[in-house]
Amino acid sequence: MSKHHIGTKCVQGGYTPGNGEPRQIPIVQSTTFKYATSEDMGKLFDLEASGYFYSRLQNPTCDTVAAKICELEGGSAAMLLGSGQAASFYSIFNIASCGDHIVSSSTIYGGTYNLFAVTMKRMGIEFTFVAPNCTDEELEAAFRPNTKAVFGETIANPALTVFDIERFANAAHAHGVPLIVDNTFATPVNCRPFEFGADIVTHSTTKYMDGHGAAVGGCIVDSGKFDWTKYPEKFPGLCTPDDSYHGVTYTERFGLGGAYITKATAQLMRDFGSVQSPQSAFILNLGLESLHVRMKRHCENGLAVAKFLEGDDRILHVTYPGLESDACYPLAQKYLPNGSCGVVSFRIKGGRAAAEAFMKGLKIAAIETHVADARSCCLHPASATHRQMNDQELMDCGVYPDLIRFSCGLEDAEDLIADIKQALDNM
Ligand SMILES: *Cc1c(COP(=O)(O)O)cnc(C)c1O
């Protein structure tokens with residue numbers, strides 16, 4: 001599949017059935033797998049042979065779908081997880097532990113911000129947040145000797161800033177650490193962060209990849225390009241024997257292409273068990289089969305709605321990376337030349353109350369804690385996903401009290417615009 005274009009990979013990647021085998025991927029709805037001898041089983045436990053033994057660690061349906069996403073991103077290995085949150089957590093906890101430090105973009109998903117700033121902090125991992133458009137001096141000053149990774153979102157949810165992947169990758173690499181990019185909003189159809197130097201990609205597959213609001217899920221993909229063995233003192237978990245796994249040294253046994261994902265599966269999935277179910281993986285795969293077709297429409301609708309809003313004087317400001325007036329337009333041209341996403345953020349005149357009145361009047365777009373669905377939806381982040389933040393924290397991550405996040409679905413743009421217009425007229 002690797003020589004094919006992205007659409008062909010969306011449809012056919014990850015699975016090549018043999019003669020007489022099912023055309024659609026089989027749902028292997030089994031917790032366990034049978035073996036003839038205990039010796040066979042022992043080899044699996046020692047990671048000496050590959051095979052399935054318990055679906056908390058690996059399941060064939062999940063692996064098939066992970067393989068498709070791996071191809072889409074151009075990675076060396078991938079794993080599915082039960083949610084995007086689990087993917088964000090594992091991606092960092094796989095290489096950082098108590099006493100370590102991470103540099104993160106400040107414009108990230110609210111759930112990720114809380115995971116980092118509150119929950120992982122409680123586990124002893126410190127985060128320094130930098131604005132995605134910070135100066136070189138500010139970025140440099142964020143690093144510490146115990147920094148283990150840099151994290152950012154290709155297109156931030158909901159701030160819609162575009163992450164300068166190449167710049168942050170260079171900074172990370174200069175400090176001997178990998179860049180982890182949450183590529184949820186762009187999807188590999190619109191941006192493949194590995195092509196710009198990112199080392200690890202995460203996804204909430206709940207969003208565009210599923211695309212139908214049907215299954216919560218996450219994914220981590222490794223590029224296989226970061227050389228952990230150059231910094232064994234920074235990444236002992238990958239470069240020295242794992243006592244909890246029969247003394248295996250992941251980089252030696254699985255090479256640079258397999259070490260990171262094998263460790264995340266063998267240790268973190270074993271211990272935390274944030275699996276995606278085979279049923280959900282099947283639903284995710286149905287979504288992936290049309291991802292390239294749907295993303296095009298989401299982006300067309302996003303641009304049409306953004307342009308309409310920009311021309312209406314009841315709107316204070318529109319943020320959409322595809323708008324020429326947008327501060328991130330030059331970065332979008334570089335990283336997202338074929339389109340960004342279907343999500344448009346805008347500030348409405350009249351503050352928090354106006355935002356709430358406008359949203360109440362919408363008839364097509366529903367108020368939901370969701371984005372990237374076939375059905376348009378909208379959210380007031382300050383009273384939902386970001387409500388745990390104070391006003392200063394809200395401003396720092398680009399979420400104003402009058403900000404509305406509008407996720408354009410796959411409906412006709414004319415109808416979405418007419419709906420927005422009547423809601424503004426009737427406010
Ligand atoms: C939704 C989202 C997440 C969290 O994913 P879940 O599947 O809801 O756990 C992480 N990052 C981004 C950018 C998201 O939009």
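Tutor: Let us begin with a term: a salt bridge is a side-chain nitrogen of Lys or Arg within 4 Å of a carboxyl oxygen of Asp or Glu. Please keep in mind that the model before us is predicted.

Student: What makes Asp 425 and Arg 314 a salt bridge?

Tutor: The closest N and O atoms of Asp 425 and Arg 314 are 2.8 Å apart, and because the limit is 4 Å, the pair counts as a salt bridge. Asp 425 lies in helix H16 (residues 413–425), whereas Arg 314 lies in the loop between helix H12 (291–310) and strand E8 (315–319), so the pair ties together parts that are 111 residues apart in sequence. Salt bridges that share partners join Asp 312, Arg 314, Lys 421 and Asp 425 into one network.

Student: Why is Asp 425 called partly exposed?

Tutor: The relative accessibility of Asp 425 is 43%, and because partly exposed covers the range between the 20% limit for buried and the 50% limit for exposed, the term applies. Arg 314, with a relative accessible area of 26%, is partly exposed.

Student: How do you know that Lys 148 and Asp 100 form a salt bridge, and where do the two residues lie?

Tutor: Their side chains meet at 3.1 Å, N to O, and since a salt bridge needs a distance within 4 Å, the pair qualifies. The pair links distant parts of the chain, for Lys 148 is in strand E4 (residues 147–153) and Asp 100 is in the loop between helix H4 (84–93) and E2, 48 residues apart. Both Lys 148 and Asp 100 are buried.

Student: What makes Arg 270 and Asp 271 a salt bridge?

Tutor: The closest N and O atoms of Arg 270 and Asp 271 are 2.7 Å apart, which lies within the 4 Å limit. Arg 270 has a relative accessible area of 22% and is therefore partly exposed, because buried would require a value under 20%. By this rule the count of salt bridges comes to 12.

Student: How is the protein divided, and how many salt bridges are counted between its domains?

Tutor: The protein is divided into domain 1 (13–286) and domain 2 (291–425), and their centres, taken over C-alpha atoms, are separated by 28 Å. Between domain 1 and domain 2 the count is one salt bridge. Glu 166 and Lys 334 form a salt bridge, with their closest N and O atoms 2.6 Å apart. On the side of domain 1 that touches domain 2, H5, helix H7 (165–174) and helix H8 (187–190) each supply at least two residues. That side has, by class, 16 nonpolar, 13 polar and five charged residues.

Student: How many residues of each domain are in contact, and what area do the domains bury?

Tutor: In domain 1, 34 residues are in contact with 39 residues of domain 2. The two domains bury about 3,000 Å² between them, and 65% of that area is on carbon and sulfur atoms.

Student: Why is His 246 called exposed?

Tutor: The relative accessible area of His 246 is 51%, and because exposed means over 50%, the residue passes that limit. His 246 sits in the loop between helix H9 (236–239) and helix H10 (250–272), and has a positive phi of about 60° although it is not a glycine.

Student: Is Thr 187 buried or exposed?

Tutor: Thr 187 has a relative accessible area of 0%, and because that is under 20%, Thr 187 is buried. Thr 187 is found in helix H8, and its phi is near 60°, a positive value in a residue other than glycine.

How values were computed: Residues are numbered from 1 along each chain as its sequence is written. This is a predicted model: local features need pLDDT of at least 70, side-chain atom pairs count only at pLDDT 80 or more; totals for chains, interfaces and linings use all residues. Side-chain values use heavy atoms; hydrogens and water are left out. Domain bounds come from an automatic or database domain assignment. Contact means heavy atoms within 4.5 Å. Buried area is the accessible area (1.4 Å probe) that two parts lose on being put together, summed over both. Helices (H or I, at least four residues) and strands (E, at least two) are DSSP runs, numbered from the N terminus. Ala, Val, Leu, Ile, Met, Phe, Trp, Tyr, Cys and Pro count as nonpolar, Asp, Glu, Lys and Arg as charged, and the others, Gly among them, as polar. Buried means under 20% relative accessible area, exposed over 50%, partly exposed in between (1.4 Å probe, protein chains only).
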